[in-house]
Amino acid sequence: MATEIKNLQPQAVWNYFYDLTQIPRPTGQMDEVTKYVFDFGKKLGLVTEQDEVGNVIIRKPATAGMENKPIVTLQAHLDMVPQKNSDTKHDFAKDPIDAYIDGEWVKAKGTTLGADNGIGVAYAMAAMADNTLKHGPLEALFTIDEEVGMDGANGLKPGFSRGDILINIDSEAEGKLFVGCAGGVDVNVSLEYKEEELASPEEIGVKVSLTGLKGGHSGVDIHLGRANANKLMARFLKEAIGFYGARLAWIEGGSLRNAIPREAFAVITIQEDDAEALWELVSDYQDLFRKEFNGIEENIKFEAGRIECPKAIMPEEIHDALINAVEACVNGPQSMLQDFPGTVESSTNLALITAKDGKVSVRFLVRSSSESRKMWVASAIESAFSLAGARVEFDASYNGWQPNIKSHILDVMSHAFENYYGKKPEVLVMHAGLECGIIQGAMPDMDMISVGPEIRFPHSPDEMVHIQSVARTWEILTKVLEQV
């Protein structure tokens, strides 16, 4: 039962997290969850405010004798990524998350769990509610709509938070401290076309389905070499069209700009005499994909089945241009950071593709801790699709968070980690978009760091959070609040 989560330790953290799993809170649906944290602050008798975009801040006075310490802001975002397996019936707009305990982990049944960033929200709430903690002046800043566009952070006005130090609780690797992150930009491709009627009566309809990929976070997991469903589907379609005379009726793949696409589907037509050869080609590609991604993807399914023949198809020049552009465009890691070995500097994720009913839409999320490289990678995508005659626009660009290795909170947190774990923490730059860079723009004098418990496979239905790491991170956070 999901309520068993409420018995885990630290109990306050898990109780608040359970409450969050019961509140539908996909990006863009923030009213109920912002009311929840706003009412929480008011019931505690603490100063609680909401800004014009929807962010909520709660202020808690210092413990007696600690009034002159720096103001610490605990920060987390309220929204979650709504991802589910295709065979899972779940409406993120109204259904609670069905969370459960599996050994050392908390998971969700067939959907994202929302530990990103519900655990961070729960930590901040627990700190505000616990009157046994010792700390200086304390704030809890809850931002909205981080996962698509970082709207809450972008809407922050100077002075809404009064913190000297910001502890972002949105990283996902226990025992590691993050002092910088990548910026990003959306690359949006669009193209309109006029559908054609199917001319040959000997054509049959075929639906091709690619499922079972792991997907994952397009920043945190981009270096793992996981398959991109959109790229694999385009690869197959290029051969099916070029060598077997197939025609494309429509294609859909991916679901979110910041998630590696796990599934892609296409409907094609082909001469009935070539059907057997097509079935064999699909089988060959399934074997090829499984071989190429052996040890990375264990459950690739690539299947085709006969369906009713579609009445309309894409013009040949359009589907050729689209598939060639998808095949040509860059995807995955593009450069590495020299000062932080093993850390991706720049990457791109071909997140979504839809070509149907006379409209093509393709979306990428480009990430980089270098502003110039970010735009260079985005320009490479623009070039590929401009050659295809498509319109390409850049949107929602945000800067990265520049590391400060002389940071006071880094020093305090490092000592707390070393005392707790008996070894120095890793200090890293994250290849994902934390809100710190944007908040730094509004509040440039804030000293910042990002921490969190162990969360695996965020942005996918395999998302899980390690139970004991939640407890250990809570202990460190409470020690840091006393020492900072």
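These legends accompany close-up views of pockets and nonpolar cores in a predicted model.

**View 1. The largest pocket and the residues around its centre.** Let's start with the open space: this pocket holds about 490 Å³. Its lining is made up of 24 residues, and those nearest the centre are Ala 173, Lys 176, Phe 178, Val 220 and His 223. Strand S8 (176-181), strand S20 (426-430) and strand S22 (455-456) are the elements that each give two or more residues to the lining. Which strand gives the most? That is S20, with four residues. Sorted by class, the lining has twelve nonpolar, five polar and seven charged residues.

**View 2. The second largest pocket and its lining.** Here the volume is about 310 Å³. Look for Asn 85, Gly 212, Leu 213, Arg 262 and Asn 299, which lie closest to the centre among the 14 lining residues. How does this lining divide by class? There are seven charged residues, five polar ones and two nonpolar ones.

**View 3. The largest nonpolar core.** This core brings together 65 residues, and Trp 14, Phe 142 and Ile 167 have the most contacts inside it. Helix H3 (residues 115-129) gives the most to this core, with ten residues.

**View 4. Trp 14 and the residues it touches.** Leaving aside residues up to four places away in sequence, Trp 14 touches Ile 5, Leu 8, Gln 9, Val 106, Ile 119, Val 465, Ile 467 and Val 470.

**View 5. A second, separate core.** Among the 57 residues of this core, you can find Leu 191, Leu 232, Leu 322 and Ile 381.

Terms used
Residues numbered from 1 in each chain as written. Predicted model: local features only at pLDDT ≥ 70, side-chain atom pairs only at ≥ 80, totals over all residues. Heavy atoms only, no water. 1 Å grid on protein atoms, 1.4 Å probe; cavity = no way out; pocket = protein on both sides within 12 Å on 5 of 7 lines; lining within 4 Å. Points joined across faces, edges and corners; volume = space filled by probe spheres on them. Nonpolar A, V, L, I, M, F, W, Y, C, P; charged D, E, K, R; others polar. Core = buried A, V, L, I, M, F, W, Y, C linked by side-chain atoms within 4.5 Å. Buried < 20%, exposed > 50% of the residue type's maximum accessible area, 1.4 Å probe, protein only. Contact = heavy atoms within 4.5 Å.
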